[in-house]
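We will go stop by stop.

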Amino acid sequence: MLNFGIFGAGDIAHAMASTISQMKSVNMYAIASRSMEKAEKYQKQYGMEKAYGSYEELAQDEKVDVIYIATPHSFHYEQARMCLNYGKHVLCEKAFTVNAQQAEELIKLSEQKGLFLGEAMWTRFMPLTEKLAGILNDRIIGEVTYMTANLNFPMMNKARLVDPMLAGGALLDVGIYPLTMAAIVMGKDIEDIRTTAVLTEEGVDKMGQYTLLYKSGKIADLNGGMCSFGDGNAVIYGTAGHILIEGVNCPQRITVFDCDGNIIKQLKKEKQISGYEYEIEACARAIQKGALECPQMPHSESLRMMKLMDEIREKMGVRYPFEQ
């Protein structure tokens, strides 16, 4: 059984610790935080064996097999690199890194070390996402021509999201989800990207519109923001109907309509712990097989998505102070 350690003690770490502690196939072993008090609180709450007041101490623990990184984006590269250098497998929360250069360096290091490295983009591991692929392959709505997707939450009060030094902004935090759904639905053949954004005084994007034009003639109209609340849905339009996906980041229900607006198929999420267990299970299977990546989110796709967001940030005029 693989022993998991967690870097960070925020909301996502809570969700992951709670999930792993309810799974029988893996063990919630340890947590690290810059605050020993926070780490010990998690340890007690989730019955972990160890709590650490520094990330390096956890990475040095010989009993740890896999480290899940749940810290802000700006720390992902350095922390993942440290974990790999200490011989640990890594599952890193999205966004994988701040930019494509960092992602490429981590992928090369994981290959050199022969260690698993994965991006915890949970949407790609969801059972409903796999079923969506089947619906599209069956051409139930005919040929897909257009889609919309959005994810918006009022989060301007979160320090990490407005701080350029922490790779703040809506794109890396929530915009990545509509982009991921577009990648799942529309594929990779992007011909042009058109972007509109509203930036904060600090120079990060608080709201962005990303329109992707594909070589096949399809269009994806996407939106991500942190200054308002949206429905968080995606709609896929085809020549014979449309598909409504409720929950672009964590699909709750998929409804297929014909051209007259009649429901012809509906799928709901199955009973689950939190939805995070699917990426943990996939990660564990890959490690046990000796694989360095998950088929649901291979290194090539993590790198492609980082390059896509690099291009979008360039068009928006967002560059972080620590980037070359």
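Select C250 and look at its sulfur. The closest cysteine sulfur belongs to C294 and is 17 Å away, too far for a bond. The structure holds zero disulfides, a disulfide being a pair of cysteine sulfur atoms within 2.5 Å. C250 counts as buried because its relative accessibility is 9%. Now select C259: at 59% relative accessibility, C259 counts as exposed. The cut-offs are these: buried is under 20% relative accessible area, exposed is over 50%, and partly exposed is in between, with a 1.4 Å probe and protein chains only.

A note before moving on: this is a predicted model, in which local features need pLDDT of at least 70, side-chain atom pairs count only at pLDDT 80 or more, and totals for chains, interfaces and linings use all residues. Residues are numbered from 1 along each chain as its sequence is written, and side-chain values use heavy atoms, leaving out hydrogens and water.

**The sheet**

Next, show the strands. Strands (E, at least two residues) and helices (H or I, at least four) are DSSP runs, numbered from the N terminus. What is the strand order of the open sheet of eight strands? The order is β8-β9-β10-β7-β11-β12-β13-β14, with mixed pairing. Two strands pair if DSSP finds at least two bridges between them. Find the edge strands, β8 (190-199) and β14, each of which pairs on one side only. From one strand to the next, the twist averages 10°.

Axes here are lines fitted to C-alpha atoms, for helices over the stretch in contact, and angles run from 0 to 180 degrees between N-to-C directions.

**Two hairpins**

Zoom in on strands β12 (residues 241-246) and β13 (residues 253-258). They run antiparallel, joined by six bridges. Pick out I245, which stands opposite I254 in β13. Six residues lie between these strands in the hairpin, and G247 in the turn has a positive phi of about 100°.

Follow the chain to β14 (residues 263-268). β13 and β14 pair in the antiparallel sense over five bridges. Which residue of β14 faces R253? Select K268: it stands opposite R253. T255 stands opposite Q266 in β14. This hairpin has four residues between its strands, and G261 takes a positive phi near 85°.

**The core**

Now colour the nonpolar residues. A nonpolar core is a set of buried Ala, Val, Leu, Ile, Met, Phe, Trp, Tyr and Cys residues joined through side-chain atoms within 4.5 Å. The largest one has 115 residues, and M147, L179, I236 and I243 have the most contacts inside it. Helix α8 (residues 170-186) gives the most to this core, with 12 residues. In soluble globular proteins, nonpolar side chains tend to be buried together.

Select I236 and show its surroundings. Leaving out residues up to four places away in sequence, I236 touches residues including L132, V144, M147, V185 and I243. Contact means heavy atoms within 4.5 Å.

**A buried asparagine**

Move to N223, in strand β10 (residues 219-225). Is N223 buried or exposed? N223 counts as buried, because its relative accessibility is 15%. Its side chain makes a polar contact with the side chain of N152, at 2.7 Å. A polar contact is a pair of N or O atoms within 3.5 Å; within protein, one must be able to donate a hydrogen and the other to accept it, and residues adjacent in sequence count only if both atoms are side-chain atoms.

**Backbone stops**

Most residues other than glycine have a negative phi, and most peptide bonds are trans. Select K94 and A95: a cis peptide bond joins them, with omega about -15°. A95 is in the loop between β5 (89-93) and α5 (100-113).

Go on to R139, in the loop between α6 (127-137) and β7. Its phi is positive, near 55°. R139 counts as exposed, at 52% relative accessibility. End at A167, in the loop between α7 (159-162) and α8. Phi of A167 is also positive, near 55°. A167 is buried, with a relative accessible area of 0%.
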